[in-house]
Amino acid sequence: MALTKVSFSMIDGAYFNVLDYGAVADGTTEDTVAFDLAIAAAAVGGGTVFVPSGTYYVDRIDMSSDVALVGELGSVLKRKGNIIIGVAYDAAIVDNVRIENIEFDDNAPSGPSAIWKICMYIANATNVTVSNCHFYNGYDISIKAQGPDGIYIETGTSGRNSILIENCLIEQFTRQGISITNGANDVTITGCTFKDCGLFGVDVESDAGDATYARNITVENCDFINNGNFAIREEAVVTGGLSFGSPNPVTAYHNLNTRVSGCYFKTTTATNATGITYLSISSTFNMIVTDCIFDIPDTGSDHSVTFDTGSFESENGIVSNNVFRVRVESYTFGSFKFHGNTLNGSLAYLVMAGLGTGKLISGNNFFNAGDITHPIIQAYSRAFTISDNLFRDTRILGVAPAAVLQIAGASAGTTLFTLDAVIANNNVFGEYGSFVNMSGGSSAYGLKNVKFNGNRITSTEFGIKLNSSGTRPNSFAIDIENNTFTDLTGIAVYLFRVSGLKVNGNSFYNCSTNTNVILLSECSNYMANSNIVSDTRAGAARAIYAINASGNPTPSALLSSNLALNTQSGFTIAGGEGTVANNTTY
């Protein structure tokens with residue numbers, strides 16, 4: 001990184017040149033004492049320690065309150081021991097510290113293997129600014145478990161931090177570029193670049209106990225490139241760009257008020273080819289991720305963004321206006337809003353599963369997302385809404401995903417797994433295998449309360465399919481109402497072994513080439529009313545039956561007030577299985 005050229009005239013207030021206190025700056029003579037003397041002098045009334053261009057070989061330098069440490073182009077601090085700079089490392093409180101235009105060279109001897117190797121250690125400090133600095137060469141595989149880290153921040157129980165890290169380049173550390181832990185709060189990282197770190201670029205990892213939670217952490221306008229790097233770490237890892245987690249949770253929500261915005265995530269050929277996690281957020285209460293780009297990896301196909309995939313549980317999350325070209329996962333995250341995002345490319349799809357109710361997936365643009373083996377949205381969860389999204393694919397059938405939505409029952413002991421899902425007002429266009437593919441599973445678990453309303457589906461093969469297996473019924477209360485299906489080649493609505501079913505008020509145009517438009521098989525307690533099936537095609541290209549219902553176990557079915565225009569046949573229901581009334585066929 002090109003640091004700013006600084007002259008004495010640019011420094012406000014009293015300044016203290018480390019060369020005046022005996023620093024040699026030749027890269028081999030230790031200059032620690034000179035820094036200690038200059039900082040002590042500046043601390044008397046508050047002032048700036050100026051570090052002229054040169055390489056300073058130092059052991060730990062301890063900052064004092066009301067002191068700035070300012071370098072210029074070519075000002076390098078080279079680590080001799082375990083830490084280059086300590087800010088309240090062993091002091092009760094240090095307040096009002098500024099560090100600017102310094103290069104931190106961490107390429108130093110290992111030292112004792114059980115001691116962390118860190119460029120800058122910020123502990124019980126308040127009002128700290130680190131700007132326009134370069135942290136680098138922390139690559140030492142022999143001590144990868146103890147660092148090196150670029151910056152390490154912790155507070156414990158001392159209270160408010162207020163730390164700003166801005167416009168820094170942090171690269172090639174075997175662990176993290178920045179580690180934030182043990183009660184750190186009010187930390188903003190902005191305009192920084194994190195490259196080629198062995199684990200994460202930034203890792204927010206609090207320990208157990210309310211006093212050590214991480215609070216009010218903001219990461220904005222940063223670039224995360226090639227983190228989770230196999231070449232640096234010399235082991236395959238699934239870590240990557242940015243992580244908010246907890247190593248030892250006792251209760252949920254170890255990260256409070258988290259914000260990530262305007263960041264860019266990317267890997268190239270230098271990274272771990274087995275796949276990494278660009279962004280991981282867990283054990284979090286109040287989260288915003290907005291205006292970020294998660295770019296396609298140059299190598300590896302299993303990169304992801306994860307929102308609480310463990311058992312720590314999170315709540316109140318907003319993910320908006322991002323671009324995802326990799327997989328997105330949300331499991332134990334409650335009140336999770338995924339809105340206004342773009343998912344693009346065959347590696348980009350969304351998985352929802354497990355605990356965490358109140359997921360809202362709305363207003364997103366899915367363009368050529370997923371592939372033949374990965375549906376665009378896989379939902380194995382409870383209480384979610386998928387609404388007002390655009391699904392568009394220009395690929396051909398057999399290349400486009402087999403399903404836009406894959407919805408399945410999930411085992412919950414021996415009881416029914418309840419989905420309580422709403423799929424409404426989505427617009428689907430492309431040669432997908434189906435709009436929705438549902439699976440109820442066996443009699444031990446299944447689906448319940450799934451509602452489809454106001455969706456517009458065009459040019460897919462199948463529309464809405466539910467193919468249950470095992471002892472019936474295992475899927476209950478499926479409502480398909482007021483949807484529009486156009487130019488489907490296969491069955492538009494196919495439901496097998498459902499109890500409590502409504503197929504009402506839907507419109508079908510030129511659907512189901514030489515087959516049934518609506519096929520209801522072995523269902524009970526259902527109705528199919530006020531549907532319109534219109535076909536302008538000729539001969540065998542037309543649909544056979546507008547509605548075909550057969551093999552149903554009880555006479556509790558009603559087909560009424562439906563209209564079939566130019567189908568090969570109108571409506572059919574097996575004798576004694578239900579009532580057919582007031583239907584019209586032309």
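These are my notebook entries on what I looked up in this structure, which is a predicted model.

**Entry 1: cysteines**

I began with the cysteines. How many disulfides does the count come to? The count comes to zero disulfides. I wanted a reason, so I looked at C263, whose sulfur has its closest cysteine sulfur in C292, 4.7 Å away, too far for a bond. A disulfide needs the two sulfur atoms within 2.5 Å. As a reminder to myself, a disulfide is a covalent bond between the sulfur atoms of two cysteines.

C263 is buried, at a relative accessible area of 2%. C511 is buried too, with a relative accessibility of 2%.

**Entry 2: helix α1**

Next I turned to helix α1, which covers residues 32-45. Which of its residues are buried? I found T32, A34, F35, A38, I39 and A42 to be buried. Looking down the axis of α1, I saw that the buried residues fall within an arc of 155 degrees, so they line one face of the helix.

Just after the helix comes G46, which takes a positive phi of about 85 degrees.

I stayed in α1 for one more residue, A43. A43 counts as partly exposed, at 30% relative accessibility. I then compared A43 with S64: they are 21 residues apart in sequence, and their C-alpha atoms are 6.1 Å apart in space.

**Entry 3: salt bridges**

I searched the whole structure for salt bridges and got twelve. The idea behind the search is that side chains of opposite charge can pair when their charged atoms come close.

My opening pair was K78 and D105, whose side chains meet in a salt bridge with an N to O distance of 3.5 Å. Where do the two partners lie? K78 sits in strand β7 (residues 75-79) and D105 in strand β10 (residues 103-105), so the pair ties together parts that are 27 residues apart in sequence. D105 is buried, with a relative accessible area of 11%.

Then I took R325 and D295, which form a salt bridge with their closest N and O atoms 3.2 Å apart. This pair links distant parts of the chain, 30 residues apart: R325 is in the loop between β31 (323-324) and β32 (327-330), and D295 is in the loop between β28 (293-294) and β29 (304-307).

K451 is partly exposed, with a relative accessible area of 37%. D479 counts as buried, at 10% relative accessibility.

**Entry 4: the largest pocket**

I then looked for pockets. The largest pocket has a volume of about 360 Å³. Which residues lie nearest its centre? Of the 23 residues lining the pocket, F200, S243, G245, S280 and S282 lie nearest the centre. The elements that give two or more residues to this lining are β20 (202-205), β23 (242-245), β26 (277-281) and β29. I sorted the lining residues by kind and got eight nonpolar, eleven polar and four charged.

Q172 is placed in the loop between β16 (169-171) and β17 (178-181), and is partly exposed, with a relative accessible area of 27%. I found D196 in the loop between β19 (193-195) and β20, where D196 counts as buried at 14% relative accessibility.

Conventions: Residues numbered from 1 in each chain as written. Predicted model: local features only at pLDDT ≥ 70, side-chain atom pairs only at ≥ 80, totals over all residues. Heavy atoms only, no water. Buried < 20%, exposed > 50% of the residue type's maximum accessible area, 1.4 Å probe, protein only. Helix = DSSP H or I, 4+ residues; strand = E, 2+ residues; numbered from the N terminus. Arc of directions from axis to C-beta. Salt bridge = Lys/Arg side-chain N within 4 Å of Asp/Glu carboxyl O. 1 Å grid on protein atoms, 1.4 Å probe; cavity = no way out; pocket = protein on both sides within 12 Å on 5 of 7 lines; lining within 4 Å. Points joined across faces, edges and corners; volume = space filled by probe spheres on them. Nonpolar A, V, L, I, M, F, W, Y, C, P; charged D, E, K, R; others polar.
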